[in-house]
Amino acid sequence: MAPFKKIIENVKESIPGIDLESFKYRPVADEVREVDGNWKQHAWNYMDNYHIRFVHKGPGGLADAIDLETYTTELHQYSALQWAYARRPKEGFAPEQVVTRFKDPNDGDKRVFALWWFIFPNTTLNFYPWAFLLTSICRCREDLIGPGFTGSNIHWTKRSSTKETRSGSTNKSTLRI
Ligand SMILES: [Fe+2]
């Protein structure tokens, strides 16, 4: 059994300057979606940044918004953290919002675009400056025959955010699973 407390400690340590109280729950119509496919395949896809340049390609896509060359995966016990620098200088977290190890020693102005935590085996915590998204993937329906899984995307958005309805693949929180 994964030690939840330790996992959450790692998550919190990565975002020392993010006030989670500043986010509010935002219900969305398709919060729970049933998808054909194997849930393990989706979990694998989440961990595979290779697809970003094809599935989330620009213009206006995630591939445009992040510097893919800086895409980093940290392995932790029972979890993994993925992050990348924003391509544009004004986007991403303010340096004091995230842990100092993300600081580029050669360019103090670089900002982390997002933090994508994967908690083994089926949960993701996605932190953006304008939103937080929790995704849980599971094979929940007993009557499903063959591959199929249910994904729950639960959104919180920044109370003052103007990007609440932001759409397009730049905002990974709106992606379909
Ligand atoms: Fe994706």
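Of the 177 residues in this chain, 25% count as buried. Keep in mind, everyone, that this is a predicted model. The mean pLDDT is 83, and 80% of the residues reach 70 or more.

Let's walk along the chain. It has 4 helices and 8 strands, and from the N terminus they come in the order α-β-β-α-α-α-β-β-β-β-β-β. Now for the contacts: taking those between residues at least 6 apart in sequence, 61% join residues at least 24 apart.

Ile137 sits in strand β7, which covers residues 131–138. Is Ile137 buried or exposed? Ile137 is buried, because it has 22 C-beta neighbours inside 10 Å, and the cut-off for buried is 20 or more.

Next, please look at strands β3 and β4. β3 spans residues 72–76, β4 spans residues 79–85, and the two pair antiparallel over 5 bridges. Which residue of β4 is the bridge partner of Thr72? That would be Trp83.

Finally, a friendly word about residues 161–177. Their pLDDT stays under 50, and the model gives this stretch 31 contacts beyond four places in sequence. Where pLDDT is low, the predicted coordinates should not be read in detail.

Technical notes: Residues are numbered from 1 along each chain as its sequence is written. This is a predicted model: local features need pLDDT of at least 70, side-chain atom pairs count only at pLDDT 80 or more; totals for chains, interfaces and linings use all residues. A residue is buried if 20 or more other C-beta atoms lie within 10 Å of its own, exposed if 12 or fewer, and partly exposed in between; C-beta atoms are placed from the backbone. Two residues are in contact if their C-beta atoms, placed from the backbone, lie within 7 Å. pLDDT is the predictor's confidence in each residue, from 0 to 100. Two strands pair if DSSP finds at least two bridges between them.
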